[in-house]
Amino acid sequence: MNKKIVTSLLIGSIAAALAACGSDAPEKQAQETASQTQERGNAAASAPEDSYQRTFEDCVFLGDSITEGLSFHEVLDEKNVLAGAGKTAEFSLEDIGELTKRNPNQVFIQLGSDDILWPTDDPIAYSMKNYAKLIGKIKEKLPQTRITLLSVTPVTEEAVKMEPRYQNIGRYNQAVKELAGKEGASFVDLSPIFSGGSDFYDADGIHFKPEYYTKLLELLKEQAK
């Protein structure tokens, strides 16, 4: 009699354990499915950045703090960005040695946001003189490197009120376009990025949030091929 009771208890315990395992299975499967979905979502979110990194792998972006945002916001690696706050065409001549070491297939240059604020009688003419020197040095040190000049990005109306010299951005960009033609470099007007309005601006109305830089690279990706 005792053996039967023991046997019954063992059978009951096994059945209960199996039932418990069975009830946990759907929950465990749901957890695994959710985890896999999240992993796929994370992979999809990082895919554009990975794609841009591949596309611009052999390029260097040379410029000021606007350009520096590419690496600051981790849209591109630091090796692809040679830029810093306050950089002008004149100061960028100091970067020729480092640019030569990196030996890019293509260099995108975006300068001017600081140049137009330079305390001289004609900031645009002064900048173009140094811009031409910069292009000449790149041609001398890296004769196979393609050179693409980018227009200065617009600022908000509030930023213009704070600094009226930003009204000269249009004139500066026209000078850069003409310089590109003289020097045999490419020129890309970035204004289409802002044609539909945008909320890309940081609080100062001059610099940008990460979303701007993905738009920038999307516009430039054909240039990098």
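Predicted model: local features only at pLDDT ≥ 70, side-chain atom pairs only at ≥ 80, totals over all residues.
Me: Why are α2 and α8 called roughly perpendicular to each other?

Reply: The axes of helix α2 (residues 65-72) and helix α8 (residues 210-220) cross at roughly 100 degrees. Angles of 65 to 115 degrees count as roughly perpendicular, and α2 and α8 are therefore given that description. The two axes also come within 10 Å.

Me: Which residues make the contact between α2 and α8?

Reply: Helix α2 contributes S65, I66, G69 and L70, while α8 contributes Y213, L216 and L217. By class, this contact has 5 nonpolar and 2 polar residues, and no charged residues.

Me: What puts the buried residues of α8 on the same side of the helix?

Reply: The residues concerned are Y212, Y213, L216, L217 and L220, which are buried in α8. They cover an arc of only 130 degrees around the axis, and therefore lie on the same side of α8. In general, an α-helix has 3.6 residues a turn, so residues three or four places apart point the same way.

Me: Why does F108 count as buried?

Reply: Buried means under 20% relative accessible area. The relative accessibility of F108 is 0%, so F108 counts as buried. This residue is found in strand β3 (residues 106-110).

Me: Which residues does F108 touch, not counting residues up to four places away in sequence?

Reply: F108 touches F56, C59, V60, F61, L62, T148, L150, L220, Q223 and A224. One of these, L220, is also among the buried residues of α8. As for S186, 78 residues apart from F108 along the chain, the C-alpha atoms of the two residues are separated by 9.3 Å.

Methods: Residues numbered from 1 in each chain as written. Heavy atoms only, no water. Axes fitted to C-alpha atoms, helices over the stretch in contact; angles between N-to-C directions. Helix = DSSP H or I, 4+ residues; strand = E, 2+ residues; numbered from the N terminus. Parallel < 35°, antiparallel > 145°, perpendicular 65-115°, else oblique. Contact = heavy atoms within 4.5 Å. Nonpolar A, V, L, I, M, F, W, Y, C, P; charged D, E, K, R; others polar. Buried < 20%, exposed > 50% of the residue type's maximum accessible area, 1.4 Å probe, protein only. Arc of directions from axis to C-beta.
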